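Please look at the model below with this note beside it.

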Amino acid sequence: MSVSLCASVSANAQTTLKVSHFLPPSHFIHDTFIEPWTKEVEECAGGEVKFQIFPGGSAFGNVAKQLDQVKAGVVDIAHGLSGVPRGRLPRTNIIDMPFLVKSSDSATRALWDLYQQGYIADDFKGLKVLALHAHNAGLIHTRDKRIDDLSQLQGLRIRFPSVTTKSMLESYGASAIGMPPTQVYENLSKGAIDGTVFPWDAVGAFKLDEVLKYHLDAKAYTTSFFYVMNERKYNMLPEKVRGCIDTYSGQALIDQLGGWWNDADKPGYEAAVERGNEIIDVSDEQRQRWREQLEPVVNSTLESLKADGVEDPQGLYDAAQKAVANYE
């Protein structure tokens, strides 16, 4: 067999997989998580597979399309927000409940436990789940008004990231404003909004320390993410490639994601400290009081999950609380 023919056979044997996500290439999800992950799998598979990554801003980078794209096989692997579009992964969104978690690590490990135990597996039919995770618990950031109690949100215009946090803010009398993260800086600088709800990494990524003065470290909420593969595509892959994907996914990723989020949060926190912004700490006792006050919001959310097809929302919430408690 000629050298050129051998090369042709080798090229034909290689599988190319498309990976999409909605974040910029500068975000750690791209350069610390997904890009190194693809290189590890490629190296493990000895050239039998390669990856094309499509980040935010690319043809496959729309946050609202990640789930549909991977289910349809338009892309082979996708990283997206569990709550976008709303109602598509209702069981997974249980981790977004207010004051449920403090850290990315505990939320991520709890989510993985819930998946492995079958509580949220129905959300991912037709998908090979590579990882589930959540960011560190978010803060309430304000421009001009210092707040140390959620009752002081009354009348403030606060940008919200999810339906659950919207309900939380409105229950305390705030006007919850929806807008993309990229528009928050401008709206804060113009005074169109009074504050926002974000983890620290967004403060650094969008330079929000420049237009904020106060940061209530309420650890009020988290938002969950999925990293999944089209199951049919996974099953079609050579055994060696499947083995490499398995080796570098699941628990191997779960063990790292919390630390990656901690590293991502540092620039935002340090920028706020350096600028002299005030960071208001919150005790566990105060968080528990707020959590009790928000029971009507929790109950309403659990009722809405029934409409989304979740058979036992209360049982799911109880399991989530138990899973989180195992790690906090």
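1. Where in helix 2 does a kink lie? The kink, of about 25°, is at Ile-34, shortly before the proline Pro-36; the bend at a residue is the angle between axes fitted to the seven residues ending there and the seven starting there. Helices (H or I, at least four residues) and strands (E, at least two) are DSSP runs, numbered from the N terminus.

2. This is a predicted model, in which local features need pLDDT of at least 70 and side-chain atom pairs count only at pLDDT 80 or more, while totals for chains, interfaces and linings use all residues. Residues are numbered from 1 along each chain as its sequence is written, and side-chain values use heavy atoms, with hydrogens and water left out.

3. The chain has a mean pLDDT (the predictor's confidence in each residue, from 0 to 100) of 94, and 96% of its residues reach 70 or more.

4. Among the buried residues of helix 2 are Phe-33, Ile-34 and Trp-37, where buried means under 20% relative accessible area, exposed over 50%, and partly exposed in between (1.4 Å probe, protein chains only). After helix 2 comes Gly-46, which has a positive phi near 60°.

5. Thr-15, in strand 1 (residues 15-20), counts as buried because its relative accessibility is 17%.

6. An open sheet of mixed pairing is formed by 6 strands in the order 7-6-8-5-9-11; two strands pair if DSSP finds at least two bridges between them. Strand 5 (residues 139-142) and strand 8 (residues 195-198) run antiparallel and are joined by 4 bridges, with Ile-140 opposite Val-197 of strand 8.
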